[in-house]
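Subject: Handover of a structure

Dear colleague,

Please find the structure below, followed by an account of what was found in it. I would be grateful if you read the two side by side.

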Amino acid sequence: MTGVQTCALPIYQFFPGTSTIQTRARYFLIVPWALQRAADARPRTKDQYDRRLRDAEVATIDALKAGDPQATGIIGVERGTNIQTLPSAIYWSGTAAWGIRAAGHLSRSDLRDLAIAPRETRRTDDGQAAPFRIWDDLPARPAKFPVNPLEILPTPGEAEYLLTKMAQTRISTPASIADPDHAEPTLLAQVALKPHTAIAEHIWDLPSNVLTPHLANLVNLAWGFSLVIQGARLRYLDLVFHRKSEMTGLTPPNRENVDVLLADWRDQMRDQDAHVHEWVNRLPEMFAILAQQGVTLRRNTRDFVSTWSTAAVEDPSGALQSTHLAELIRNRENSLKGPAARLSYDSPLLAWNGELLGSERLDFRWAVARRHIQDCVDGKGATDAQ
């Protein structure tokens, strides 16, 4: 994370169920299969359930390595049995957001309790008994899961299933609260319907026929926010490099890369001058959309975004030279990170090795979503021989 974390449009408007630490799409099925396997073992205690679930998830590491030794994105491939964060924790909320977990309200501890004491039925709103469903109608578990080798890519049938679940994700809007039938598709849903468009580098590079008017408006706001606020993120790095050079008398690695990125940002701002001026006038609209979606922005966050954005749009080069804005960035980091702030405290600065934190523009988890969709495209195109 950078020292100038800022507000962003709600991710669930674009890519619900995703997180920055997700890796590959097939885990949306591997996780339910592992949870089902733990429940099928009929554990009698919480410890038994936890142990069987962990055994199943750890076993998938070797199964995936055996299925494709060159595969990337295998969770726990380096730590093995010492893995700390299991896939079931990483993908849990995503299985609900995509409708893969029918009982979306359940917590992981709730699911464990149900595995120990299964419930066959539930009460509907009218008091009738109905079958209790935890999972959607999932593709069948592979034979001898999780022992046999596993491919990291979904099979063609699994890929079609996952794309269908993505395509069913919807945006919650004020209109849809009153009438759920008016819920709009998310950006994830729109791209899943046209998966070949996932080659776009950024969401604002997607073809216009992928975007509904509502999504087009959000994407335009996201484009401006990503571009303009990137100047603050790069200026933060510039200040960190400068302070460490003063402290140590040495130039940290990557200093010249920051200069290149700053020059590139100034060029982009100049090239998009008319568009960023139009965007900055829409800041109140962006804040209003966030409020409508239940995102509470602190006053200092709004002030930071507004102050930096207004100055950067008016004079990008001047914003990068401004001592007032440099102090604003320093105070922002301090309020967010406290003693871990590199611009205010020596220890975190000395521990920093010149890594270009936050040097890439905000992508609103597009890289993660694009990887999931591309996995499904590749999986649908795979043959048994391949």
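A residue is called buried at under 20% relative accessible area, exposed at over 50% and partly exposed in between (1.4 Å probe, protein chains only). Helices (H or I, at least four residues) and strands (E, at least two) are DSSP runs, numbered from the N terminus. The model is a predicted one, in which local features need pLDDT of at least 70 and side-chain atom pairs count only at pLDDT 80 or more, while totals for chains, interfaces and linings use all residues. Residues are numbered from 1 along each chain as its sequence is written, and side-chain values use heavy atoms, with hydrogens and water left out.

Overall, the chain has 17 helices and four strands. Of its 386 residues, 47% are buried.

Helix 9 (residues 213–248) has 36 residues. From first C-alpha to last, helix 9 reaches 52 Å, close to the 52 Å expected at 1.5 Å a residue; the expected span is 1.5 Å times one less than the number of residues. Helix 9 is mostly covered, with 26 of its 36 residues buried. A kink of about 30 degrees is centred on Gln230, where the bend is the angle between axes fitted to the seven residues ending there and the seven starting there.

Helix 2 (residues 27–40) packs against helix 4 (residues 87–97) at an angle of about 110 degrees, with the axes 9 Å apart. The two are therefore roughly perpendicular to each other, a term that covers angles of 65 to 115 degrees. Helix 2 contributes Tyr27, Phe28, Val31, Pro32 and Leu35 to the contact, and the residues from helix 4 include Tyr91 and Trp92; contact means heavy atoms within 4.5 Å.

Several backbone details may be of interest. The peptide bond from Phe145 to Pro146 is cis, with omega near 5 degrees. Pro146 is placed in the loop between strand 2 (129–131) and helix 6 (156–167).

Arg42, in the loop between helix 2 and helix 3 (46–67), has a positive phi near 50 degrees although it is not glycine. Arg42 counts as exposed because its relative accessibility is 66%. Arg365 also has a positive phi, of about 70 degrees, and lies in the loop between helix 16 (346–351) and helix 17 (366–381). At a relative accessible area of 27%, Arg365 is partly exposed.

With kind regards

Technical notes. Axes are lines fitted to C-alpha atoms, for helices over the stretch in contact, and angles run from 0 to 180 degrees between N-to-C directions. Angles under 35 degrees count as roughly parallel, over 145 as roughly antiparallel, 65 to 115 as roughly perpendicular and the rest as oblique.
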